[in-house]
Amino acid sequence: MSLLSLTNVSAFYGPSQALFKVSLRVAEGQVVALMGRNGMGKTTTVKTIFRMLPVAGGELLFDGHDLRRLASHRAAKLGLGLVPEGRRCFPNLTVEENLIAAARPGHWDFKRVAQLFPRLEERRSQSAASLSGGEQQMLAIGRALMTNPRLLVLDEATEGLAPIVRQEIWKAIGTLKHESGLAILVIDKSLKELARIADEAVVLQRGETVWHGPMADVGNGVAEQYLGV
Amino acid sequence: MTRETLFNAVLGLGLFAFPLWAWWAEEPFMITLSTRVVILALAGVGLNLALGLGGLVSLGHAAFFGIGGYAMGILASHAQSYTPLMEFPFVIEGTKSMPVIWLVAVVASALAALVIGALSLRTSGVYFIMITLAFGQMLFYFAISWPAYGGEDGLSIYVRNSFPGLNTLDPIQFFLICYAILGAVLLLSARLAASPFGLALNAARQTSERVETVGIRPYRLRLTVFVISGMITGLAGALFADLNRFVSPSMLSWQTSGEIMVFVILGGVARLFGPVAGALLFILLEHVLGGLSEYWHIYLGLLLLGVVLFARGGVIGTLAGQGGKHG
Amino acid sequence: EPVKVGMITTLSGGGAGLGVAIRDGFMLALKQSGTTDVEVVVEDDQQKPDVAVQLADKMIQSDKVDILTGIVWSNLAMAVAPAATAQGKIYLSPNAGPSALAGKGCHPYYFNVAWQNDNLHEAAGAYANSAGLKNSFILAPNYPAGHDALAGYKRMYKGDLAGELLTKLGQTDYASELAQIRASGADSVFFFLPGGMGISFLKQYADSGIGLPLVGPAFSFDQDILQAVGDAALGVHNTSQWNKDLDNPANAAFVAAFLAEYGRLPSLYASQGYDTANLLLSAMAKADISDKDAFLAALRAADFDSVRGKFSFGPNQHPIQDIYVRQVVKEGDIYTNKLVGVALEDHSDVYAAECEM
Amino acid sequence: MSFLLLAEQLLNGLQFGVMLFLTAAGLTLVFGVMGLINLAHGSLFMIGAFAAAAVAAASGSFLLAVMASIAAAAAAGVLVEVLVIRRLYARDHLDQVLATFALILIFSEGTRWLFGSFPLFLDIPDYLSGPVTLPGGIDYPLYRLTIIGVGLLVALGLFLLIARTRLGIQIRAGESDREMIAALGVNISRLYTVVFALGAALAGLAGALIGAIQSVQVGMGEPVLILAFVVIVIGGIGSIKGALAGSILVGLTDTLGRALLPGLFGLFMEPADATSIGSALSSMLIYILMAVVLIVRPTGLYGARA
Amino acid sequence: MAEPILSVTKINKSFGALKASIDVSLDLRVGEIHALIGPNGAGKSTLIKQIAGGLQPDSGTVRFLGRDVTALDTVQRAQMGLGRTFQISALAMEDSVLQNVMLGALGASGRPFRFLRPVLKDKALRETAETALARVGLSEQALMRTSDLSHGQRRQLEVAVALTMRPRAFVMDEPMAGLGTSGSQRLTRFLDELRHEAPILLVEHDMDAVFALADRISVLVYGSVIATGTVDEIRAHPEVRRAYLGEEE
Ligand SMILES: Nc1ncnc2c1ncn2[C@@H]1O[C@H](COP(=O)(O)OP(=O)(O)OP(=O)(O)O)[C@@H](O)[C@H]1O
Ligand SMILES: Nc1ncnc2c1ncn2[C@@H]1O[C@H](COP(=O)(O)OP(=O)(O)OP(=O)(O)O)[C@@H](O)[C@H]1O
Ligand SMILES: [Mg+2]
Ligand SMILES: [Mg+2]
């Protein structure tokens, strides 16, 4: 059974429809890549999952719970962890406070996150507002991990990171997948890395699911057709 | 024509037609009441420039309202008692001529706005709200304890000031003067909002960093709009004093600032006719509810609450749809 | 044809108590008279001058009233009365008596049925002399009525001043002033702090343990306020043109009727409202409102039984009356005042001389 | 002025400052930390005072009265938050201004409707009344010393709550991004209800404590409201330390201004003018102070630099 | 060789104990793209802020068009012709896309204090603005509200605003961030041409873009420039590989 499943989900921004019957599934321990060009509805999909945007139609299930009926925090508590687009660190909090604010008991705690991103340990009591862009990105990832999720959603989580850090993060994601069996929904522009890590792929175009299948098949024309590569 | 323009037109015409009807029906108080709406709307239009366009939430606009009022009170009281305002180094006489009074009111408010703005604009956000409040309060306490012009008792002017060619004592004529001014100022503020200046100011409200990087100084934009805004509110103050033939420190109190702000928010921030709708609704409620019960403030409060909760973007925002409104 | 009266008074906010008392007193008198010839429009001025002006406009232009009354505060009276009388309306002041309207600004259409602002303070000064107080510390808020209060006290008081302070209008904490009083070597304190300011001052004064004799005008020792002050006010001497135990039949009837009607003892303000209405009724009995001169003459005669006993108008149409000394006492559970003497007899005001009428 | 008097005035300034802090404490939470402009803070203060007066009259116990004030204000806070404020977090500050302005009207007249137009009686309990003699020979009211104590305790408690606890961190996070903190699994709605109620309770507590030495009447909250905003802004929004520092600065300035200015002007002026001008200036003093502080430090004493 | 358009000399900047710029010197010459790379938190954005104004260096000088501009503020530098994009989009979100670019054009016109004529009727400004939108491929979105743009579209708009100013030099802080693969490729082609209009100082973590575009690359690590050189030199630089590139390729 899939951990997360969206079936024919539609959503609107005010009067304009942004999602048209989007469907996708993420099974336990699976990594799914959500792909599409700029403005195609990837982030919007994430927002519906996290109840930041009402669902106009369709079905939204996580671990058998109907997400549509849940408030944002309840959905999150079921085990959804988010690294949002644009980082959205709490600027008035220090690095440490950003992490504490999100913490729920489990494998990931401040120590583990600090091991993953030593830079955060160094900047521990600096306010998030004064962090460099990449440092904020690390913080956003660390913060999501602190919630000890069962499904991690990464929306452009490697944006603005140095190549070497990006490699670290992909490695870490790989470890998460393999060792802790974490399910991951990932949005990223690096096809190469996605190809390496993802099991399945879903491609959105103008708010519609236009393709889904094994990640391995993305190479065969899909990328050219839908991603403009 | 969008719904908003349509609504504005109805509002503008209605506000004109009603007093004419009252004149015909010989209900002079209804004219007075309409005049009051027009003048308070004018004060709101002034604030709305700073608040809506510039994002400058000033809780000190009573200062300009009061300065305008006192410009009228001081000049007219000297004219009334035939004593010069100042004898050294040159003689300044009081006056009962509205245009002169307006000029003085506008210049005095502009100067005050320049000083207050120049200092206050160093801050932003809530700090700005509070520092403008502070300047307003300084003037308020000054006026209360300054005995020369009546202190807390204020100044009474027995006869309304004059306007060449018109009989200002006739309510409908005074109304027309005020209405014409409001019309002119609304036109001006519509122009301003659409102008290059308006564009830059509007952007500076949202991201002053961006405005700087295209080579424009947000501080100057803001100071300019603050001064224009103060001038308009000052003019409204002079008219208000003339309407009441009376001026007192209560025109300078923070409650007055708050009330002007309430007009703006109630009508719809950054909407051209927002302050007009707001002032109209508020005065109407006050008038209708005031006779209803000793505890009429409760009803007023509940109605206002209803507007905030269910009518987003103020009266105009609700009736005319969202477009254009920020926040 | 009935007389239309417009009553503008404060019925909401912190000052509502005074307006309510005036209104209640006024209405009680009308009710007792059983007259159907008076029509009253009552409106709330919210203690804002510009609202009061607007209401006056409304009553004059729309309700077409003949007479205005009701205003509690000097600054509101200043905003309304001159303009109203200039438009040929009669104004009967049930409370405020700013000096501007008693002197140069006096007007044949303006009558004050309460007192000129200085009166009670002058009486306090006179009382201080008779009580042998020699070194007073005096304080009042920094606004015209406060200045008048200090001036009024000093006009009669013959001793020295240990100190003089103008406090902030609406001030609620007096620790700093109390410290200065304590350090000043004064033998008594005169204060004029109307409304909540007085309550705060009295409580804090009592708690400070300074313990010097206090003197003040009746405003801070009014029936409706005393219950809120409690023990802190006990024994304080204050001056007033009225008290509930004034021994005259009109007063006894008034107190009893007020208590019966509203379930509380009347206050100073209620007595003033009551007198105002009775003055009006007395004039109506003598003349018709349409005959302005006759009606004004009838008002000037003040031919009614005032609850304060003797009452007549001076040349500026302000009262000539006795002003008494009262002391705060506790009767059962109720704090109230009892008369202890007369401070000034047949007192008018110093501004009358400036009035050319 | 003697040294002793000066010392006493300093103490008065400090005391007034702490009293201001007490009135501002609830607002520090709601405005400083949650970022909500709550003009109805003064009304909650008033509710506390009225509840205390009513319960004190009925029960004769000051302690019960204080507890009642906390409970009543907190209850009003919950009600207001759930019915009104909750819908406004995401809105413009200006909508909050209008809504809470409406609440002032409702609360003021509602209170008058319930309790009548006349001030209520609330007094200091016997065990706290009267002066005590401090070292140095100053007679100082015990009750005011108590207020200093309570105020400092509240300051400490708030500081710990906001700066040191996870709850405090989450509240602050919610101020900058409610949606995000909710997506991290924090029930921010309930948290904010609780915080708002706590802020209201503190306002109520202040109302009861201060009501005992002031006048318990409708409208008593308005001057409190302005002063509370003033001290928070001087201190820097969001900082408890700042609010305390701002309060004490304002308290000292105001008290010393009142005590010293008339005398100062008296050195070179007619006494009557000196009294008048000196007191006029002293009533403007805290606003001058605020303007100067903000001109020099546009985000207050301890505010986060922009 | 002619004096570089933009140069910084021996710039130092610390935040408390943290040294964000240490003796940084670099320059930007006519027609080139000079890429600035380095680990996160190395001080790239800090350096950009010191170049564009808004942050004063503790010591050192910034020269632009032959003038010492160290003491000038952001506005003055912008007026001289320094075009800048932000790492995190700074746009007027409530305004339309067109209005945002108009703002740039207005700034470049140097006459923002005009009060009465509607700005949208100003042909010259409008043309500048529409051209810029067309160049980044946002013409269709001109009338959309900026907040309705997707993340990537906003990045494009950032660049468009900078274009309207017809600057003498660009400083761009991670313009590719958030652009998808196709978007990045497009922007890469675009910048490639843009360098002939004005040189670009480019901060970027997208190595595909950097390697494709840069004439020279400087590498900033812990506030110091550890290397400057051509693409090949930098690629091969062991220190750079260790601190920044990792085992990529
Ligand atoms: N707050 C909003 N209001 C209205 N429309 C929006 C809003 N946010 C996004 N949109 C529109 O919805 C569409 C999908 O946007 P979304 O952010 O989901 O794209 P995306 O696939 O995440 O793109 P990117 O890769 O650029 O982040 C876009 O066309 C955008 O214009
Ligand atoms: N105002 C500040 N106060 C304290 N430290 C700061 C401040 N601004 C920046 N820093 C620190 O200075 C360092 C350099 O920051 P900068 O933003 O310049 O990095 P960067 O090279 O742009 O990194 P990135 O590639 O991640 O954007 C960072 O470690 C950051 O935390
Ligand atoms: Mg996206
Ligand atoms: Mg950076």
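**Exercise 1.** Find how many salt bridges there are between chain D and chain B, then work out what the interface is made of.

*Solution.* Start with the count: in this predicted model, chain D and chain B share zero salt bridges. Next, look for polar contacts: seven residue pairs across this interface qualify. Now see who's touching whom: 46 residues of chain D contact 42 residues of chain B. On the chain D side, helices H4 (93-115), H9 (221-235) and H11 (271-296) each supply at least two residues. H4(D) gives the largest share, 15 residues. Sort that side of chain D by class and you get 31 nonpolar, eight polar and seven charged residues. Finally, turn to area: the two chains bury about 3,900 Å² between them, 78% of it on carbon and sulfur atoms.

**Exercise 2.** Work out which residues coordinate the magnesium ion (ligand 3) and where they sit in the chain.

*Solution.* First, the donors: Thr43(A) uses OG1 and Glu85(A) uses OE, at 1.9 to 2.0 Å. Then place them: Thr43(A) belongs to helix H1 (residues 42-49) of chain A, while Glu85(A) lies in the loop between strand E6 (80-83) and H3 of that chain. That pair is 42 residues apart, so it links distant parts of the chain.

**Exercise 3.** Is Thr43(A) buried or exposed?

*Solution.* Check its relative accessible area, which is 19%. The cut-off for buried is under 20%, so Thr43(A) counts as buried.

**Exercise 4.** List what the buried residues of H6(D) pack against.

*Solution.* Begin with the helix, residues 166-176 of chain D, whose buried residues include Ile169(D), Gln170(D) and Arg172(D). Within chain D, the partners are helices H1 (3-33), H5 (142-164), H7 (178-183) and H8 (188-211).

Definitions and conventions: Residues are numbered from 1 along each chain as its sequence is written. Chains are lettered from A and ligands numbered from 1 in the order in which they are written. This is a predicted model: local features need pLDDT of at least 70, side-chain atom pairs count only at pLDDT 80 or more; totals for chains, interfaces and linings use all residues. Side-chain values use heavy atoms; hydrogens and water are left out. Buried means under 20% relative accessible area, exposed over 50%, partly exposed in between (1.4 Å probe, protein chains only). Helices (H or I, at least four residues) and strands (E, at least two) are DSSP runs, numbered from the N terminus. Contact means heavy atoms within 4.5 Å. Donors are N, O and S atoms within 2.8 Å of the metal (3.2 Å for Na, K and Ca); water is not among the atoms, so sites may look incomplete. Buried area is the accessible area (1.4 Å probe) that two parts lose on being put together, summed over both. A salt bridge is a side-chain nitrogen of Lys or Arg within 4 Å of a carboxyl oxygen of Asp or Glu. A polar contact is a pair of N or O atoms within 3.5 Å; within protein, one must be able to donate a hydrogen and the other to accept it, and residues adjacent in sequence count only if both atoms are side-chain atoms. Ala, Val, Leu, Ile, Met, Phe, Trp, Tyr, Cys and Pro count as nonpolar, Asp, Glu, Lys and Arg as charged, and the others, Gly among them, as polar.
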